[in-house]
Amino acid sequence: MFEHIDAYAGDPIFKLVELFQADPRKDKVNLTIGLYYDEEGKIPLLASVQEAEKRSAALKKPRAYLPMEGLASYRQAVQKLLFGADSVAVKDERVVTVQTLGGTGALKIGADFLHKAFPAAEARVSDPAWDNYYAVFQGAGVPTSSYRYYDAKTQGLNFTAMMEDIAALPAHTIVVLNPCCHNPTGVDPSAEQWAQLIPVLKERNLIPFVDIAYQGFGRGLEEDTSVIRSMVDAGLTFLVASSFSKNFSYYGERCGALSIVCQSKEEANRVQGQLKATIRRVYSNPPTQGAQAIAAVLQDAELFKQWDAEVAEMRDRIATMRKLAHEKLKQKAPNYDSSYFVDQFGMFCYTGLTKEQILRLRDEFGVYMLESGRVCVPGLNSGNIDYFVDAVAAVVAP
């Protein structure tokens, strides 16, 4: 019956992880998948999460189905974290938030919802972008292409080209934006550039779809939401996909949310109904345990303070690895411009290395990164950074 089905080529990132794990060499470095590792190369279990899980388990609540939109306390906590405790939009009940299966689930539910609301709409993502955007939006029936974003010559943002492309889009085009810690480049627009872009999004009647997967890993939990709050202040209608995989180190629990800022409470009620209908036909209900723990952390002042400090510790370690890599590469490869390590933000660096150099790193040194040149910075630590720097210096040597 299924002889006509094509073989799945596999996800390129997960395939690289499998190659790394099968590599028998002792000296090898995994800089592929977007996971936060601590100084010992382990995925941390946050103390705030452990305490929240302990409290939840002690309640011995039955595991009934959650509502389609998810746990109420979780959704309220997400709104406070993203939009602020004093958000007028939240107080006016113009913000709809539903619990989703991770950030990817939020994108999927949002894409399905938008395709039904605007069947002719297309989506635009940055060039380069997280590859899965294409799969998610095209899988929802939304044609997807790119707008210019990264400048390979400067290893920074090509803001002029970005503005030109977005300003030329027809109304109701879905524009996917990262408000902080851009994946894969680590290159973010400045506050001044966002201030120029937001009015264009409104004037062109575009549909911003903000994807914030790394809140707290850029400048701070509050600071990383500044773009979202500026969009609210500007009166935009827009979507936000958020995730707790990274900042809670909670990857396997698949805890995310989709929030939509509307123009009125009545509009928000209709949007929520359609989101519930979309969720019902995809997975019916989200899971309970992770949402309960996150809600407990976000709503308890003591646990929130502890979690905020843990996020700061992760953010600071990433910054330290960036600084060390830059300083050591300046010494070992003085002709190679490694300033991107300190100019970019978040978990990822865009190295600008050629495919040939990247394959040499993998084959000769066991240093694994994506063929795009993206490096997951938390994969570096004091035990492997010298080896990494020596390997890069070897492949970039004239």
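What follows is a set of questions and answers on a predicted model.

Trainee: How are helix 2 and helix 12 oriented, roughly parallel or roughly antiparallel?

Mentor: Helix 2 (residues 47-59) packs on helix 12 (residues 301-332) with the axes 8 Å apart and at an angle of about 150 degrees. Angles over 145 degrees count as roughly antiparallel. Helix 2 is therefore, relative to helix 12, roughly antiparallel.

Trainee: How do the residues of the contact of helix 2 with helix 12 divide into nonpolar, polar and charged?

Mentor: From helix 2 come Ala47, Ser48, Glu51, Ala52 and Arg55, and these meet Leu303, Gln306, Trp307 and Glu310 of helix 12. The residues of this contact divide into 4 nonpolar, 2 polar and 3 charged.

Trainee: Where around the axis of helix 6 do its buried residues lie?

Mentor: The buried residues in helix 6 (residues 132-139) are Tyr133, Val136 and Phe137. They pack against helix 5 (102-117) and strands 3 (123-127), 4 (144-148), 7 (174-177) and 8 (207-212). Because their arc around the axis is only 90 degrees, they lie on the same side of helix 6.

Trainee: Which glycine follows helix 3, and what is its phi?

Mentor: Helix 3 (residues 72-83) has 12 residues and spans 16 Å from first C-alpha to last, close to the expected 16 Å. Its buried residues include Arg75 and Gln79, along with Leu81, Leu82 and Phe83. After helix 3 comes glycine 84, with a positive phi near 100 degrees.

Key: Residues are numbered from 1 along each chain as its sequence is written. This is a predicted model: local features need pLDDT of at least 70, side-chain atom pairs count only at pLDDT 80 or more; totals for chains, interfaces and linings use all residues. Side-chain values use heavy atoms; hydrogens and water are left out. Axes are lines fitted to C-alpha atoms, for helices over the stretch in contact, and angles run from 0 to 180 degrees between N-to-C directions. Helices (H or I, at least four residues) and strands (E, at least two) are DSSP runs, numbered from the N terminus. Angles under 35 degrees count as roughly parallel, over 145 as roughly antiparallel, 65 to 115 as roughly perpendicular and the rest as oblique. Contact means heavy atoms within 4.5 Å. Ala, Val, Leu, Ile, Met, Phe, Trp, Tyr, Cys and Pro count as nonpolar, Asp, Glu, Lys and Arg as charged, and the others, Gly among them, as polar. Buried means under 20% relative accessible area, exposed over 50%, partly exposed in between (1.4 Å probe, protein chains only). The arc is that of the directions from the helix axis to the C-beta atoms. The expected span of a helix is 1.5 Å times one less than its number of residues.
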